[in-house]
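Please keep the sequence and the structure in view while reading.

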Amino acid sequence: MEEDQEAVNLAADWADISQGLRKDLGHQVHSQWIRPIQPGNYCKETGTLDLYLPTEFSANWVNDRFADRLSLAWKIARPDVRHVRILVHPGRRQLPELRLGGGGRPSSAPANDSAQGSGDPLSAALAGDSFASLGQGPAGIDASQTFTSFVTGTANVLAFNAAQRMAATERPQFSPLYLKAATGQGKTHLLHAIGHAYLANHPHARIFYCSAERFMVEFVQALRQNQMIEFKARLRGFDLLLVDDIQFIIGKASAQEELLYTIDALLAEGKRLVFAADRAPQALDGVEPRLLSRLSMGLVADILPADIELRRSILENRLQRFASIDVPADVIEFLARTINRNVRELVGGLNKLIAYAQLTGQEVSLQLAEEQLTDILSANRRRITIDEIQRTVCQFYRIDRTEMSSKRRARAVVRPRQVAMYLAKVLTPRSYPEIGRKFGGRDHSTVIHAVRLIEELRTRDADMDGDVRSLLRQLES
């Protein structure tokens with residue numbers, strides 16, 4: 001009876017935790033990785049809670065990416081929980097890991113991550129004793145997330161160059177480096193790349209990578225176990241400190257104060273610090289002003305949302321891992337144009353599409369992409385209106401908005417109007433008659449003629465193609 005009540009309590013706590021994680025991680029990630037988790041055995045003596053997932057693949061994936069977050073959430077919900085283990089459900093068959101590419105473990109990195117072979121000495125060093133950790137085991141640097149595997153463009157080149165400087169042999173002109181980017185744009189990849197490159201340049205360096213949540217958990221444990229002296233000594237002994245998701249270092253004034261003192265101590269000794277967050281230092285909630293000042297005193301480098309050119313480059317780079325799979329150019333263009341929220345979803349969509357094609361024996365096609373990526377596509381689809389298209393086109397060609405509905409047939413007016421009709425057909429679900437009505441009640445045949453004409457002009461007129469591409473970027477950004 002007591003065990004049944006404990007199971008009910010665990011289920012109720014998990015429902016609350018899961019709901020909170022859904023808000024933090026988003027519907028897509030939550031549905032795929034968090035929702036399948038089931039609370040399992042709980043040992044009161046050791047404070048150990050088992051969380052079950054249906055396959056070994058999913059258990060490894062969640063353990064790699066969400067273990068610290070899950071542990072912190074459970075410790076907040078139930079202070080008696082001291083350890084969280086992520087395991088395969090004992091009643092489920094353990095499936096072999098699905099390898100989509102070069103044999104490396106799956107990665108949520110935003111760009112094309114080149115898997116490193118087991119013969120790479122750096123890979124061994126990254127997983128071995130070259131790293132010191134506040135807890136047990138390796139520091140957590142992923143050897144596959146390197147500068148080489150990070151695809152650059154105008155959206156991320158500043159952060160990329162700054163990250164390379166931070167890992168170089170010469171002392172950087174700025175420290176700390178603060179990487180600011182929305183979820184899934186590549187800031188975590190750059191953190192790992194800095195650690196990897198720094199070790200290559202400084203083979204005997206001591207590096208530590210952690211999330212802000214992990215830092216807080218380790219701090220609280222050291223506080224409870226009266227090991228603060230050892231905690232401080234180890235933390236301040238690192239040559240490079242990498243802290244991810246700093247926006248989660250909220251509350252716990254004592255933990256913030258310790259991080260503040262650590263920053264001061266490491267900077268005084270000329271050591272290097274890199275932080276990453278989804279917002280600017282000044283926008284962090286619940287963080288004391290002195291710590292905000294330290295976080296922003298170096299270089300704050302933005303990683304902007306990837307534009308369509310960068311999204312194309314990332315997909316083409318990623319395809320190098322799937323040499324045996326033929327992915328048509330129109331599919332790449334479709335993915336690059338429609339999955340625009342973040343790069344992680346973009347790469348995840350490509351992985352899912354290729355995995356489905358491999359497992360079912362089907363060829364990759366535009367129809368298959370539309371059928372299998374419904375959730376991702378709907379989440380990324382921004383509703384663009386014909387009014388918005390008309391306004392943007394008029395600003396681009398510097399004509400009055402009324403010309404979209406006027407009867408004037410001067411070339412300087414007709415061509416922009418035809419471009420707007422073409423864009424309305426490409427970017428909205430409206431029919432030809434509906435589009436015609438928004439352009440002064442024109443007949444659907446006029447719209448069809450405009451769409452076909454612009455399509456044809458784009459193939460032989462570079463200026464026209466450039467205009468349309470520029471307008472597409474503006475409207476989809």
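**Overall make-up**

The protein chain contains 20 helices and eight strands, where helices (H or I, at least four residues) and strands (E, at least two) are DSSP runs numbered from the N terminus. This is a predicted model, in which local features need pLDDT of at least 70 and side-chain atom pairs count only at pLDDT 80 or more, while totals for chains, interfaces and linings use all residues. Residues are numbered from 1 along each chain as its sequence is written, and side-chain values use heavy atoms, with hydrogens and water left out.

Of the 477 residues in the protein chain, 49% are buried; buried here means under 20% relative accessible area, exposed means over 50%, and partly exposed lies in between, with a 1.4 Å probe and protein chains only. Among the contacts with a separation of 6 or more, 75% are between residues 24 or more positions apart, a contact being heavy atoms within 4.5 Å.

**A buried strand residue**

Phe-275 is placed in strand β7 (residues 272-277), and it counts as buried because its relative accessibility is 0%. Leaving out residues up to four places away in sequence, Phe-275 touches Pro-176, Leu-177, Tyr-178, Leu-179, Val-243, Ile-246, Leu-259, Ile-263 and Leu-295.

**The annotated site and helix α6**

An unreviewed UniProt entry carries the annotation "binding site" for Gly-184, Gly-186, Lys-187 and Thr-188; the UniProt positions are given in the numbering used here, feature names are shortened, and annotations may be inferred rather than shown by experiment. Gly-184 is found in the loop between β4 (177-181) and α6 (187-201), and this residue counts as buried because its relative accessibility is 3%.

Lys-187, in turn, lies in helix α6 and is also buried, with a relative accessible area of 7%. What does Lys-187 touch, not counting residues up to four places away in sequence? Its contacts are Leu-179, Ala-181, Ala-182, Asp-245, Ala-276, Ala-277, Asp-278 and Ile-303. For Ala-182 there is a further detail, since the side chain of Lys-187 reaches the backbone oxygen of Ala-182 at 3.4 Å; a polar contact is a pair of N or O atoms within 3.5 Å, of which, within protein, one must be able to donate a hydrogen and the other to accept it, and residues adjacent in sequence count only if both atoms are side-chain atoms.

**Helix pairs**

Two packed helices are described by the angle between their axes and the distance between the axes. The axes are lines fitted to C-alpha atoms, for helices over the stretch in contact, and the angles run from 0 to 180 degrees between N-to-C directions. For helix α5 (residues 157-167) and α6, the axes come within 8 Å and cross at roughly 30 degrees, which means that α5 is roughly parallel to α6; angles under 35 degrees count as roughly parallel, over 145 as roughly antiparallel, 65 to 115 as roughly perpendicular and the rest as oblique. The contact is made by Ala-159, Phe-160, Ala-163, Met-166 and Ala-167 of α5 together with Leu-190, Ile-194, Ala-197, Tyr-198 and Asn-201 of α6.

The axes of helix α8 (residues 228-235) and helix α9 (residues 253-268) come within 10 Å and cross at roughly 40 degrees, and α8 is therefore oblique to α9. Here Met-228, Phe-231, Lys-232 and Leu-235 in α8 meet Glu-258, Thr-262 and Leu-266 in α9.

In helix α11 (residues 308-318), the buried residues are Ile-308, Leu-310, Arg-311, Arg-312, Ile-314, Leu-315 and Arg-318, and what covers them includes α12 (329-338), α13 (343-360) and α20 (462-476).

Glu-403 sits in the loop between α16 (386-397) and α17 (411-427) and counts as buried because its relative accessibility is 12%. Its side chain makes a polar contact of 2.8 Å with the side chain of Ser-406, and the side chain of Arg-408 is joined to that of Glu-403 by a polar contact of 2.8 Å.

Finally, the axes of α17 and α20 come within 11 Å and cross at roughly 50 degrees, so α17 is oblique to α20.
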